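Please read it alongside the sequence and the structure shown here.

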Amino acid sequence: MPKPPSKLPPMSAVRVFEAAARHQSFTRAAEELGMTQAAVSYQIKILEDRVGAPLFNRLPRQVTLTTKGRQLAPAVTEAFEALRNAFSGVEDAVQTVLSLTTLSTFASNWLVPRLGRFRQLQPNIAVQISVSTEMVELARSEFDIGIRSGTGEWPGLETHVLFPNQFIPVCSPDLLRDVEIREPVDILKLPLISPGDPWWQDWFAAAGERNIDLSGRPDNSLGVQQLEGMAAIAGQGVALINPFFFPEDLASGRLVKPFDLLATTDRSYWLVYPKARRRSAKVEAFRDWVLSEVAGDSEAADCRAKTKTGT
């Protein structure tokens, strides 16, 4: 039968031996490890008892490695150097790679188009994006930051509101050329994209039209605002979208608003991360950048509104 592997000595003693052998000094090893010299001597004695031979010659003002010590030191030093390199590589990756879980439309219509500006500011931080409709448990995952839609009540997370979850009907200008739209209910003359979306009822209610029956319409549900906005641009019908995600399409006229009524909910988009990571340099950098981008969007929207009203 093969001989079972011998048990390793206590790693605390091996760690002390590696430092003492490297420095050829119990005093300097104690300083490096934050221990007393007596504690270093004790750990070395534990290791010597385990090996069954002295590892250091104790001289009046110094220590030197014995033959057994010189035999053991290179392998121990090499092993600890490999460990240092491994942990250093992990630490570098942790500090230079920021992982983000987010929603599809936020990623495609808001975040990705402007990520180049973040890379210019923080060229040493790589951003890895995962798109999901599932609410990831950030405290138990490897994600650093999440983008969520909700009311901001998530225990254990730092939360920063980005912008409200508003919605307004939009469509291609071509869709309105042969249809007279005067009142909100006139939108029903046009095909609706995702009519099963409960937000349609909320928007009609905000417009003063309740109990609108949309059950007889084909529910060609597209699931995410990104796709619904694309379908509206293509002239396939009227979509409910959050204008924060389609500013260029609205400004250029690719999308038009039959009415300016903007309905709101009690939900918003939030940037969130575990409280334990709030002092992470990469998290702070990304948070500050996102909040500055949101502030810039709000200022631009205010300027467009003032220009439109002539104030």
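In this predicted model, 5 of the 6 residues of strand β3 (residues 97–102) are buried, so the strand is largely enclosed by the rest of the structure.

**Strand β3 and its partners**

- Strand β3 runs parallel to strand β4 (residues 126–131), and the two are joined by 6 bridges; within this pairing, V97 has A126 of β4 as its bridge partner.
- Strand β3 also pairs in the parallel sense with strand β5 (residues 145–150), here over 2 bridges, and the bridge partner of L100 in β5 is I145.

**Positive phi in loop residues**

- Most residues other than glycine have a negative phi.
- S194, which is not glycine, has a positive phi near 55°, and this residue is placed in the loop between β6 (157–170) and α7 (198–206).
- With a relative accessible area of 2%, S194 falls under the 20% cut-off and therefore counts as buried.
- N211 likewise has a positive phi, near 60°, in a residue other than glycine, and N211 lies in the loop between α7 and α8 (225–233).
- Because the relative accessibility of N211 is 75%, which is over the 50% cut-off, N211 counts as exposed.
- Set side by side, S194 is buried, whereas N211 is exposed.

Technical notes
Residues numbered from 1 in each chain as written. Predicted model: local features only at pLDDT ≥ 70, side-chain atom pairs only at ≥ 80, totals over all residues. Heavy atoms only, no water. Buried < 20%, exposed > 50% of the residue type's maximum accessible area, 1.4 Å probe, protein only. Helix = DSSP H or I, 4+ residues; strand = E, 2+ residues; numbered from the N terminus. Pairing = 2+ DSSP bridges.
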